[in-house]
Amino acid sequence: MLFSPNHWCRPSQLRAAGILGMNRRNGHYIARYNRRELYPRVDDKLKTKLLAKQFGLQVPELYGVVGRQSDVSNLAQKLEGREQFVIKPTQGSAGKGILVVTGREGHEFLKPSGERVVMRDVRRHVNNTLSGLYSLGGRNDKAMIEYAIEFSDAFDGFSYQGVPDIRVVVFQGFPVMAMMRLSTAASDGKANLHQGAVGVGIDLVTGRASRAVQYGRRVDVHPDTGRSLSELVVPDWQPLMELAAQSYEMTELGYLGVDIVLDKSKGPLLLELNARPGLAIQVANHAGLSPRLELIERLSRHDRTMMRAEGRIAFSQEKFC
Amino acid sequence: MKSRVQLRTLIFLLLMVGLGTAFYMHKKIGYPFVPREKVPVWTIEAKVEFDALDEPVKVSLAIPGEQALYGVLDESAASDDYGYNPGLNSKEDVTFRKVVWSKEQAEGKQELYYRVNIFRRTQAVQLMGDVHLNEVDPGYREGPLAVAADQLIAEAQKYSADMETFVAHLNGLFAKKDNQNVQTLLAGNTSALARNRVLLNVALKAGYNAHLIRYLELGETANRVPLQSAVFLHEGEQSILAEFGRVQPIETENLLAWQRGGPALLEVEGGENVRVAFAMRVQQLPATIVQQSAAKNHLASFSLLNLSIEQQNAYGLLLMIPFGALVVVLMRNIIGVKTSGTFMPILLAMAFLKTDLLPGLMLFALVVSVGLIVRSYLSKLDLLLVPRISAVVIVVIGIMVSFGVLGAKFELGIVESVTLFPTIILAWTVERLSILWEEDGPSEVALQTSGSLLVAVIAYWVMGNSTLKYLVFVFPSLLFVVLAVILSLGQYAGYRVSELMRFAPFFDDGNDAGGKV
């Protein structure tokens, strides 16, 4: 199996398709365009959120922060009157340690899966978060309490639990590729492609699905809901692109993954940023990143820096479709 | 582009310096690039134990000297707060050497160690002069012992032509337990040593030049090596080693004479319950290194070769780490194997080098699986991260210790390989994998563990390669070459082998691959 020719391709094929490899991504793009000292802006979600507010970018509203173990005791007070909320670690990775509460019944909290938890469980979750259980390298962390997204009706039937999000790779402020990540039963409700979420390539002009993959292989319908993925259209596409493109000015990171969710009432919200965005987006879009990145690198420095977000989006929409 | 030029220059310089220095050492000092000839080096440890009587203590132990086939590379006598007199020669002759430990006062159980590195000469040297180390016992001069000995000598000589045939016949007579004379001589002498003393006295009385020898058989690594005794007879060019009651002489090829003649192997003043035990470890080293070390050659004084064998062993492992790093770079950046932690595979490989591959892998599987099971139990107890991980580490240490205790109980060879070093590495590995389990789940643990193990096994093979070991030990400047190779690999921006598989589905349905920009 492993050695059958179908499971392998040739480097020349990859080059011809313009696929960006891990070594080139790390050595050329991330090392060159992402300055190390800027990483905290994206690795710490609290910093990202505060920075986004300064730049006027839409983010899920922050209800409160638990920074010390001693604050955990008055957690109940902080959650007073909040029917729906999300608790997440500020330095978590890959969606770990996120507790979503969609409602309350008496002293019980309801999770999207229908599971019920009590205050004691919530407190333990926050305690674990503070001790660094969900954070990169096990560092001590803070817990953020924020607005729980009510995701747009446009995605009904496209996701199994979890919030479907849109990942846009932004290079030097130009959106170069976009993908929607739909959680599945296999991915345990997480929007992580390694764990079996469906990746849907999104057209940069229209916000329409172009094709979809799960575990690197093409799929046409959502494996759990059976809905045809070609019907997927992301509403509010233009504001979403603007949000993605403006993240560049905010972070100053040249090679950036921007994760955006669509809220029913508030429209596109910036969820988190990633300084080392993965390469699976190429498979979902059935297109290589390299030619697009190189095209932007060939622009004169003047053109690149003087263009506003709208100009960059227009450039991308003209060239990359 | 500027940095690229800098890097290229640096790589070039490193290559020049590394290869140039190695080549210079090869030409000038004459170290061969390939260790054609290897000689075994035995590390023998004599452990002296006794109970001190709370009075001044003086311990003297006979130790081996230079011999025809074997030479002493270096020696040491490790014992805390004992005065130590190294290698005292009680006579001019190198065959009489002893080490003396002394202390003003000592009480309770005492342990003293003497360690010596013995190498096999590539060519035998002539050392034994015409020495007379033993005299006939007074008891054999007259009386019943003398009569019995004389009758045996007469009987043996009747059928023999030279020393060899005489000894053969004499031992033939000794083998007859019902012989009246033999019974007289053996009265009460049951130990092998006492019986060989009988043989010695009879041989001396017959006019042969003979002395008693205590020897060790040089063989495989072993924890308990018996000290045996025999009688050495020589006459002109001819010499044989004989054992009481054994017609055939003993092959001397693999024997190290620990003591020749001499009064006692071990003398202890101020102690009782005296015991001495010998342990042995053998390794193969290039002949050139051993010869340089033995001669304490001045040319070698700037190299690692003039360190003691123990230090050399430590540096030997240290110098192999860069090759492990090279393997990791190749496997991660060129092949694309996922490992947990950049250098965990190297540490695992070093642990395997200490324990050997198969026991090491077994130990790894056992410790890691038990460690992870304990981890999953502990995580149900609502513990914070750091205490939980610490608890796992303690459990791992417990597993390793019980492994050692069980091993000692059943005399498994594995016990001495489970030392502090692999213990720490395995405990740390379990910690890392536990964190990984918490963060990325069991499938990621399985993936990264198998990746780490694969890289570790390859690194083990590379780091354990004896030719490579020799090369880098004799020409440490070759490490610059390794550095240059790693630096040039750092520029590699092409696809990883794993990506050829990862992106293969991209081309499955023959779509317009690459058509889009």
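Two residues are taken to be in contact if their C-beta atoms, placed from the backbone, lie within 7 Å. The structure is a predicted model, in which local features need pLDDT of at least 70 and side-chain atom pairs count only at pLDDT 80 or more, whereas totals for chains, interfaces and linings use all residues. Residues are numbered from 1 along each chain as its sequence is written, and chains are lettered from A in the order in which they are written.

Between the two chains, 27 residues of chain B are in contact with 33 residues of chain A. On the side of chain B that touches chain A, two or more residues come from each of helix H11 (420–440) and helix H15 (497–502) of chain B, where helices are DSSP runs (H or I, at least four residues) numbered from the N terminus. The largest contribution to this side of chain B is that of H15(B), with 4 residues.

Within chain B, helix H2 (residues 144–158) packs against helix H5 (residues 192–205) at an angle of about 70°, their axes lying 10 Å apart; axes are lines fitted to C-alpha atoms over the stretch in contact, and angles run from 0 to 180 degrees between N-to-C directions. H2(B) and H5(B) are therefore roughly perpendicular to each other, a term that covers angles of 65 to 115 degrees. The contact involves B:Ala149, B:Leu152 and B:Ile153 of H2(B), together with B:Asn201, B:Val202 and B:Lys205 of H5(B).

In chain A, when neighbours within four places in sequence are left aside, the residues in contact with A:Ile260 include A:Asp165, A:Leu240, A:Ala244 and A:Leu270.

How values were computed: Angles under 35 degrees count as roughly parallel, over 145 as roughly antiparallel, 65 to 115 as roughly perpendicular and the rest as oblique.
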